[in-house]
Amino acid sequence: MDSLLREELPEIVSNGAFGKNLKYVSFDLDKDSVAQDQYMSTVIFGTVTTSDESRHRVVIKLKLRDETVRAKFKIDFQFHNEITMYERVIPFIFECHRSLSGVEDWPTLARFFYGRNKCGEFAEKDLIVLENVAPLGFKLSEARPFLDYNHLAAAFRAIAKFHGLSYTAKHKNPERFQKIVKDFRDTQFDANGQWTFKDNAVSRFGKRGLDRLIERSGDLYRDNEHVRRFDLLINDGANSLKRVRTPREPFSVVCHGDFNRNNVLFRYDEAGLPVDVLLFDFGTPRYGSPVFDLSFFLYMNSTQSLRESRLDDLLNVYCSTLAETVPSGVRVPNRAELDSEMAKCAYYGFLHASYFLPHEVATKVVHKENMDDEEIIQWLLEVGGENGTDKVADLVQHIVDMGYTNVLPN
């Protein structure tokens, strides 16, 4: 912290991050929100004062100090991706949007001040400095893990606006767009094509829910065609995920990649209804189907009953917002085309939710240190207990009921 205050921030201010020809005056920590350890980083809140007497409320993200953990979770790649998003991708897609008249409704994002990702011996000094949007009225949803329809619809509108920027940019400057999205670093697969977990982990995460579904409703699902197809998908492990992740035109977009309740902030009206949504934490973006973001948010943040009763409404909200967000002449998926994308790619959201969601519903999660790969998988399969297993079974049931198994090669 002392090094950050004495060396890093003065240099950052002098280099123009907060405006031209300014000098650093001070940094005051927000004592109510200091040094919060997040899953992938350490986050510091405070106020930077500059020589023009401006006070900038900021969030400073630092890498975890444990080198082993940084390597395991590809923190260097995540910093690279987030800085690339704020320095190159977002300015480009916003500019493409700005240059075409007809739409004034923009997605809400925090202001980016500075990012550095030198890695190696400099990793502990790497940082990302963003605007603290809490003073603007944005905050995390108090409800967790599941959101009501109003929050879900607001989130779907926000991601539609964000995805719309990609469609506009592809229409305006397709060559540069394709070049710029190739700079993302893969945080899930290594150079040898190995997924984050062992290949059979996919099958085991899926079978946790599938076995429970058959146990509780075997007469309905034991001989179901989509159950059979789902079983083939999870048994093919990471290869199924690779097929889903392969970009297909014309509907691939820059996806947030970790679109979830913990990575969106809501702003509310006087009645307590969400009126705006801000996206943050762009460490795992990827280019692919918009369903990556839709399915993950849906499966992580909605109950089974809400999915059954309001999914049509949510997808209609997304499609109508998307159509309104792009200028005339820009091609976006209609509802029938989005349904086809869901059938091909909702498996993406399921797979990630199959091991994340049980953490969210667990009453207590005890993380054991120094586990090997097999111990980690077994631990993940036990997190959340019976309730976690039931929630994964609900996800499998939805995949099967909706016929979202169109991932297999023809």
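Predicted model: local features only at pLDDT ≥ 70, side-chain atom pairs only at ≥ 80, totals over all residues.
Helix α9 spans residues 291-301, and helix α11 spans residues 335-361. Their axes come within 7 Å. The crossing angle is roughly 45 degrees, which means that α9 is oblique to α11. The crossing of α9 past α11 is right-handed. Nonpolar residues number 15 in this contact. Three polar and two charged residues complete the contact of α9 with α11.

Leu265 belongs to strand β9, which covers residues 264-268. Its relative accessibility is 13%, so Leu265 counts as buried. Asp401 lies elsewhere: 136 residues separate it from Leu265 in sequence, and the C-alpha to C-alpha distance is 31 Å.

In soluble globular proteins, nonpolar side chains tend to be buried together. The largest nonpolar core here holds 108 residues. Within that core, Trp195 and Leu279 touch the most other members. The contacts of Leu279, leaving aside neighbours within four places in sequence, include Thr108, Leu109, Ala158, Ile159 and Phe162. A second core of 17 residues is separate. Among its members are Phe18, Ile44, Tyr114 and Val129.

Conventions: Residues numbered from 1 in each chain as written. Heavy atoms only, no water. Axes fitted to C-alpha atoms, helices over the stretch in contact; angles between N-to-C directions. Helix = DSSP H or I, 4+ residues; strand = E, 2+ residues; numbered from the N terminus. Parallel < 35°, antiparallel > 145°, perpendicular 65-115°, else oblique. Left-handed = near helix turned anticlockwise from the far one by under 90°. Nonpolar A, V, L, I, M, F, W, Y, C, P; charged D, E, K, R; others polar. Buried < 20%, exposed > 50% of the residue type's maximum accessible area, 1.4 Å probe, protein only. Core = buried A, V, L, I, M, F, W, Y, C linked by side-chain atoms within 4.5 Å. Contact = heavy atoms within 4.5 Å.
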